[in-house]
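The exercises below are meant to be worked through with the sequence and the model side by side.

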Amino acid sequence: MSTSKNKLSVQTLVRCAMIAAVYTVLCLVLQPFSYGAVQVRVAEALCLLPVFGAEYIFGVGVTLGCLLANLLGSTMVDVVFGTAATLIACLATYALRNVRWKGLAIPASFPPVIANALIVGAFEITVFFSDSAPTATMAVFNAVAVGVGEIISCCVLGVALVKLIESNESLNKIFAE
C-alpha cells in the first residue's frame with residue numbers, strides 16, 4: 001500500500017524523467033541548432049524549471065537531460081563541461097527562483113547564460129575545439145557566440161515558459177506542486 005508521500009515521490013520522479021526526455025529529444029531533433037560554437041539550444045529553456053523546485057536540477061530533470069543529449073549528440077568533452085555548466089546554472093537559477101523583475105523570472109534566466117558562455121564558450125570550445133592556440137580574443141568571441149544563443153533560449157524562451165506555467169492553473173499544478 002502506498003502512502004501519499006510515496007505517490008508524490010513517484011509523480012515527481014516521473015515528471016522529472018519526462019523533463020530529461022524532453023530536453024534530450026529537443027536537442028537531438030534540433031541538432032543543427034543544439035551543438036557547436038553558434039547554437040540556440042531550445043532545450044536550455046528548461047533550465048528555468050528549477051524556479052519551481054530543486055527536483056528539476058539533479059539526477060532526473062534538466063541535468064540528466066543535458067547529460068543524455070551530450071552523450072548522444074556531442075563529444076565527451078561536452079558531456080563533462082556542458083553538463084557541469086547546466087548543473088551550475090540550474091543551482092544558481094534555483095537560488096534566484098523568487099527574484100522577479102516586473103513580475104518575470106528574468107534574474108533566474110541569467111545563470112544559464114553566464115555559465116554556458118564561460119564554461120562552454122570561453123573554455124570548452126576555445127581550448128578543445130579550436131584549430132589554433134587559444135587566445136583571449138577567441139575566448140571572448142566564443143563566449144559571446146554561446147551567450148547570445150543562451151539569451152534566446154533562456155532569457156526569451158525560458159522566461160516565457162515560466163510565465164506560461166505560472167499563469168496557467170493546470171500547468172502550475174503540474175510543475176509547481
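**Exercise 1.** Determine which residues are linked into a cluster by ring pairs, and describe how the rings of Phe-123 and Phe-128 are arranged.

*Solution.* In this predicted model, ring pairs join Phe-81, Phe-123 and Phe-128 into a cluster. The next step is to look at the geometry: the ring centres of Phe-123 and Phe-128 are 5.8 Å apart and their planes stand at 85 degrees, and because planes over 60 degrees apart count as edge-to-face, this pair belongs to that class.

**Exercise 2.** Find out how many aromatic pairs the whole structure holds, and explain what the pair of Tyr-56 and Phe-175 ties together.

*Solution.* A search of the whole structure gives four aromatic pairs. One of them is formed by Tyr-56 and Phe-175, with 6.3 Å from centre to centre and 35 degrees between the planes, which is a tilted arrangement. Locating the two partners comes next: Tyr-56 sits in the loop between α2 (31-34) and α3 (62-73), while Phe-175 belongs to helix α7 (residues 169-175), so the pair ties together parts that are 119 residues apart in sequence. Finally, both Tyr-56 and Phe-175 are buried.

**Exercise 3.** Describe the order of the elements along the protein chain, and work out whether its radius of gyration agrees or disagrees with that of a compact globule.

*Solution.* Begin with the elements: the protein chain has seven helices and zero strands, so that, read from the N terminus, its order is α-α-α-α-α-α-α. Turning to the overall dimensions, a compact globule of 177 residues would have a radius of gyration near 16 Å, and since the protein chain has 16 Å, the two agree. Along the principal axes, the C-alpha atoms fill a box of roughly 60 × 40 × 25 Å. Of the 177 residues, 42% count as buried, and among contacts with a separation of 6 or more, 69% come from residues 24 or more positions apart.

**Exercise 4.** Characterise two loop residues, Leu-30 and Lys-102, by their location and accessibility.

*Solution.* Leu-30 lies in the loop between α1 (4-29) and α2, and with a relative accessible area of 25% Leu-30 is partly exposed. Relative to Phe-123, Leu-30 is 93 residues away in sequence and 24 Å away in space, C-alpha to C-alpha. Lys-102, in turn, is found in the loop between α4 and α5 (106-128), where Lys-102 is exposed, with a relative accessible area of 71%. A further step concerns the backbone: Lys-102 has a positive phi of about 55 degrees, although Lys-102 is not a glycine.

Terms used: Residues are numbered from 1 along each chain as its sequence is written. This is a predicted model: local features need pLDDT of at least 70, side-chain atom pairs count only at pLDDT 80 or more; totals for chains, interfaces and linings use all residues. Side-chain values use heavy atoms; hydrogens and water are left out. Helices (H or I, at least four residues) and strands (E, at least two) are DSSP runs, numbered from the N terminus. The radius of gyration is taken over C-alpha atoms; the globule rule is 2.2 Å times the number of residues to the power 0.38. Buried means under 20% relative accessible area, exposed over 50%, partly exposed in between (1.4 Å probe, protein chains only). Contact means heavy atoms within 4.5 Å. Rings of Phe, Tyr and Trp (its six-membered ring) pair if their centres lie within 6.5 Å; planes under 30 degrees apart count as stacked, over 60 as edge-to-face and the rest as tilted.
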